[in-house]
Amino acid sequence: MKKNDIVTEIRGFNRFYTNILGLLDQHIIDSGYSLTEARILFEISKTETCTANKLCSVLDIDRSYMSKIVNKFEKEQLISRSACDRDNRNIEIHMTEKGRTVFHELENSANEQIENLISSLDAADCEKLLGSIRTIKKYFSRATKDINIRPYREEDISYVIDRQLSLYESERRFTTDIWKNYLTKGVIALVENFDPQKDCMFILECDKSPAGCVAITHTNDSVAQLRYFFLEPELRGLGVGTGLLHKALDFCREKKYSQAFLWTVSAQETARKLYKKAGFVITETNENKSWGIPVLEEKWELDLV
């Protein structure tokens, strides 16, 4: 196909999709928040703390406009602000419980609207739709985004904890304090006992912002556990999850581990496909009712030699 024809098709799809987005985003406008305000709430929800400067950089929003929105959020008690412990010239933004409630209400409303939109499609049609969406994301991401994998830094820890708590709450309804403590203490323990000769944690970075994670922690000299593997929703289906998983497994082989294992839940269908493709097999299952909803936990193992 000629380049002019490709450009015409893309522009036509853009007009079509813009109309769809207008329908989907109407619920946000009806809620009293603009689309920009909803995007800012989403970014604040990703971590325990952030700054207005970081929000301006990630979302490409004018500083004065950002200041106006942040002031509105603070007045409505959706956020609080405090001086940074390391540099009191920087003001950190924290989402309050009220802010999280509003954010989750917007998320749930958006999810319901998507469900209504595709309600007339059968399972086969939905699978084809997802395949097409992933293909579009894959090639536009290649054309426009800077994606790389790097070792974790200290400032990534809050992202790894907070983002997983948020994703598991919205996607799997994991809400109990038992779950939150299990995840939080596990990440902190990994960092406190980190041995670079036996452990690793890699951060997937998209346009210089964290967008996913995977970690390896040793259980003994020959067995490694894969943990904290997740991707931001907008990057799923692009193949970057496979690259992140292989990065961790390459580390295991480099360090001469003979076996790797992980625990997941049966509802994590996309991740399970990656594990199976990499050679992992299910060796143990266990019902768990302590995360918020009953789940079937699965232990997957991989021989590395």
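Trainee: At what angle do helix α3 and helix α6 pack?
Mentor: About 120°, with their axes 10 Å apart. Here α3 covers residues 35-45 and α6 covers residues 97-117. Axes are lines fitted to C-alpha atoms, for helices over the stretch in contact, and angles run from 0 to 180 degrees between N-to-C directions. Helices are DSSP runs of H or I with at least four residues, strands are E runs of at least two, and both are numbered from the N terminus. This is a predicted model, where local features need pLDDT of at least 70 and side-chain atom pairs count only at pLDDT 80 or more, while totals for chains, interfaces and linings use all residues. Residues are numbered from 1 along each chain as its sequence is written, and side-chain values use heavy atoms, with hydrogens and water left out.

Trainee: What do you call α3 and α6 relative to each other?
Mentor: Oblique. Under 35 degrees is roughly parallel, over 145 roughly antiparallel, 65 to 115 roughly perpendicular, and the rest oblique.

Trainee: Which residues make the contact?
Mentor: From α3, L41, F42 and S45; from α6, R100, V102, F103 and L106. Contact means heavy atoms within 4.5 Å.

Trainee: OK, charges now. How many salt bridges are there?
Mentor: The count comes to 14. A salt bridge is a side-chain nitrogen of Lys or Arg within 4 Å of a carboxyl oxygen of Asp or Glu.

Trainee: Why would side chains pair like that?
Mentor: Side chains of opposite charge can pair when their charged atoms come close.

Trainee: How far apart are the closest N and O atoms of E74 and R81?
Mentor: 2.6 Å, in a salt bridge. E74 is partly exposed at 31% relative accessible area, and R81 is partly exposed at 33%. Buried means under 20%, exposed over 50%, and partly exposed lies in between (1.4 Å probe, protein chains only).

Trainee: And what does D207 pair with?
Mentor: K145, at 3.9 Å from N to O. D207 sits in the loop between β5 (200-206) and β6 (209-218), and K145 in the loop between α7 (123-144) and β4 (147-151), so the pair ties together parts 62 residues apart in sequence.

Trainee: What about E254, buried or exposed?
Mentor: Exposed, at 56% relative accessible area. E254 forms a salt bridge with K255, with the closest N and O atoms 3.9 Å apart. K255 is partly exposed at 24%.

Trainee: Which residues do shared partners join into one network?
Mentor: R150, R153, E155, D156 and E205, through salt bridges.
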